[in-house]
Amino acid sequence: MLNWNDSIQVLPRIGKATLGHLKRLGINTIADLLYYFPYRYEDYSEVVSIENLQAGQACTVRGRVDLLNSRRSRTRQINLTEALISDETGSVRVVWFNQPYIAKTLQVGDWIYLSGEVKESDPLQFVNPNYEKAQRSLGATVNRQTSRILSVYSITKGLSSKQLRFFVNSALHYLDKYPEFLPPEIIQKYRLMDLASALKEIHFPSSQTEANKAVERFKFEELFLLQLHGNRIRYQLAQYATPAIPVDEELSKEFTASLPYQLTEEQRKSAWEIISDMKEPLKPMNRLLEGDVGSGKTVVAALAILNVLAKNYSAILLSPTEILADQHWKNISKLFAKYADFKVVLYTRTQRFVAQKDLVQELSKKEILEVLNDNSPKLIIGTHSLLQEAAEFHNIALIIVDEQHRFGVKQRDEIKDKAGLGEDVYPHFLAMTATPIPRSLALTIYGDLDLSIIEKLPPGRQSIVSQLIDPNDKVAAYDLLRQEIQAGRQAFVVCPLIDESDKLGVKSVGAAAAELKEIFPNYEIAILHGKLKGQEKTEIMARMLRNEINILVSTAVIEVGIDIQNATVMMIEGAERFGLAQLHQFRGRVGRGEHQSYCLLLPSDKISPRLEMFVKSNNGFELAEYDLQLRGPGEVFGTNQSGMLSLKLAKITDTLLIYKAREASQFILQKDLKLAHYPQLAAKLANFEQLNALQ
Ligand code: ADP
Ligand code: MG
């Protein structure tokens, strides 16, 4: 007997090579194997009598082996196994290529099933059909490789769907217990197939209807776990107290009026949503602010921070890089210069500054810890490592994380422990991201977060000129590059990964940089990729900022949100490999200053409608939504974006199922938030969260 988590090695006929192939597909355990679902089916359930066979038909015959012969072909070095199969109505020829063992497994006189396509020839014949001995005593239902709906798997070299069906069948046969984790009341309420039947039906459907039901059960599973994850965080958070920050209307109005521009409608709305969230003493804010690059999220965050400081609390703002932290510090300390009581602290690995009024001071490590420890209201800006550097904080009522759309519960708890508010008090939490995740998707994958969206840029922005470059005519792109650099501007060149083995993108970036060096021998060209250390990356970005680099060639890792106002060209090699939302983020790296900027797409081969759509639209949300219809979320946002989980079966368009899964998760959690009565579900959820890096 087998257990769910046993290694697949215990299955019959799994040798070293096969083990390796299965590993490559991510299949290590029985559970992995059974959750390796087919991506389509072929229907061979129709058993036809031989006299009725027609060319081109996919079907099954049941017959007796009358002749069987295996030989090497004279002309080519291949083995041919030929047979003549007969039933009561006639005979049909069969030929198999390079499967000499068939002549040993079958014998003249055997009754067999053959499933395959009948090829147009005279006389008709089957070429490479699936075959299986007919086991009369057990009836036709035990057939696994013929005369039924057959599952087709996405496979790798050296492994066939046939083998996978064999392994799956053994696993199902020897498996002792199915770890059903869906609560019985949920299975009943939503009329879902139980796990054991669903696994059998998804791999070996008894009919298309049953296969569909099985698929629906597994889709539900994924969505249910996602919703359970999100809603559990939501409900747990709601049990904590939090600093109540009443809205200071006068201060907010005065601050807004002092800006050199008017807030857009969406900025106002978002700011209002955030500030209103913080009024509540019993429910810590947990919100995601989404807005395109340059949409003005910083000032919205500043308004929230201001309200916090006005109530004598402090706030923390975390950036992904030191350079971004520095930019935030400069911008926000300017915005807050007129509030004499408020300090704006910058604390990163290399920088320690405090700004108060128009006074800026550089501090020693000791001095900065003193500032952090005093009781004055302050904003502390740093990178994510701030939490490790400074042991403790005081009175932190608000934590903002910039350029990140997924912030783990663990990280949040760490911050809570250091916020200095007390055991059961949680600070308010705001994540900001430029990734345009459409509302529909966000609701599915971020069930724990409330959402504020700034979709449009402030008025009066120069639009970036986007162009598709014909792969046979790159000269146009190089001409523009030269023209801009001669005018003193800078350029980014982004490259995709060439192949899977090149996960760090070193190869592609190296090749592109070498090509550019040949064309522009006098320009300073630097490269940036995943293999460089954090400090090396920071240095390169700093040189870019000082205009010491003309062209920066990088992988998709280039720092999100960085503001290089002098950069006017974004050139993207192999553009078809990126999701539109991702391309849009690259585009947002230019056009941040006063100069007209350009985004050049260089597809590797032909120009696709997707890329044409990109050139036409400047709305990240619209592009993401468009791509989402064509591709999955993983591909739209790029797999390197953490927090974008890969749903195996469920789609964002499965609206009704998403709704049911949400309802079901709320139903269970309202009864039993700790899932104490659902130990299997709790374990499955923990596993799911770990697999998708959701903790
Ligand atoms: P992001 O959302 O990418 O973080 P920022 O907050 O850095 O964008 O804002 C980009 C620029 O837009 C800043 O220079 C900011 O001063 C300016 N800005 C923000 N809001 C407005 C507005 N309503 N009108 C004009 N300019 C604005
Ligand atoms: Mg920003």
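## Strands β9 and β17

Two strands count as paired if DSSP finds at least two bridges between them. In this predicted model, strand β9 (residues 286-291) and β17 are joined by 5 bridges and run parallel. Leu288 sits opposite Leu451 of β17.

How many residues of strand β17 are buried? The count is 4 of the 5 in residues 450-454, so β17 is largely enclosed by the rest of the structure.

## The six-stranded sheet

An open sheet holds 6 strands in the order β18-β23-β22-β19-β21-β20, paired in parallel. At the edges stand β18 (465-468) and β20 (525-528). Each has a single partner strand, so one side of each lacks a neighbour in the sheet. From one strand to the next, the twist averages 15°.

Within the sheet, β19 (residues 490-494) pairs with β21 (residues 551-554) over 4 bridges, in the parallel sense. Val494 has Ser554 in β21 as its bridge partner.

## Helices on the sheet

Helix α19 lies across β18, β19, β22 (567-573) and β23 (598-602). Its direction is at about 150° to β22. Helix α20 also packs on the sheet and touches β18 and β23. The direction of α20 makes about 160° with that of β18.

## Where the helices meet

The axes of α19 (residues 580-587) and α20 (residues 609-616) come within 11 Å and cross at roughly 40°. The two helices are therefore oblique to each other. Their crossing is right-handed.

From α19, the contact uses Leu580, Leu583, His584 and Arg587; from α20, Arg610, Leu611, Met613 and Phe614. These residues divide into 5 nonpolar, 1 polar and 2 charged.

Definitions and conventions
Residues are numbered from 1 along each chain as its sequence is written. Chains are lettered from A and ligands numbered from 1 in the order in which they are written. This is a predicted model: local features need pLDDT of at least 70, side-chain atom pairs count only at pLDDT 80 or more; totals for chains, interfaces and linings use all residues. Side-chain values use heavy atoms; hydrogens and water are left out. Axes are lines fitted to C-alpha atoms, for helices over the stretch in contact, and angles run from 0 to 180 degrees between N-to-C directions. Angles under 35 degrees count as roughly parallel, over 145 as roughly antiparallel, 65 to 115 as roughly perpendicular and the rest as oblique. A crossing is left-handed if the near helix is turned anticlockwise from the far one by less than a right angle, and right-handed if clockwise. Contact means heavy atoms within 4.5 Å. Ala, Val, Leu, Ile, Met, Phe, Trp, Tyr, Cys and Pro count as nonpolar, Asp, Glu, Lys and Arg as charged, and the others, Gly among them, as polar. Buried means under 20% relative accessible area, exposed over 50%, partly exposed in between (1.4 Å probe, protein chains only).
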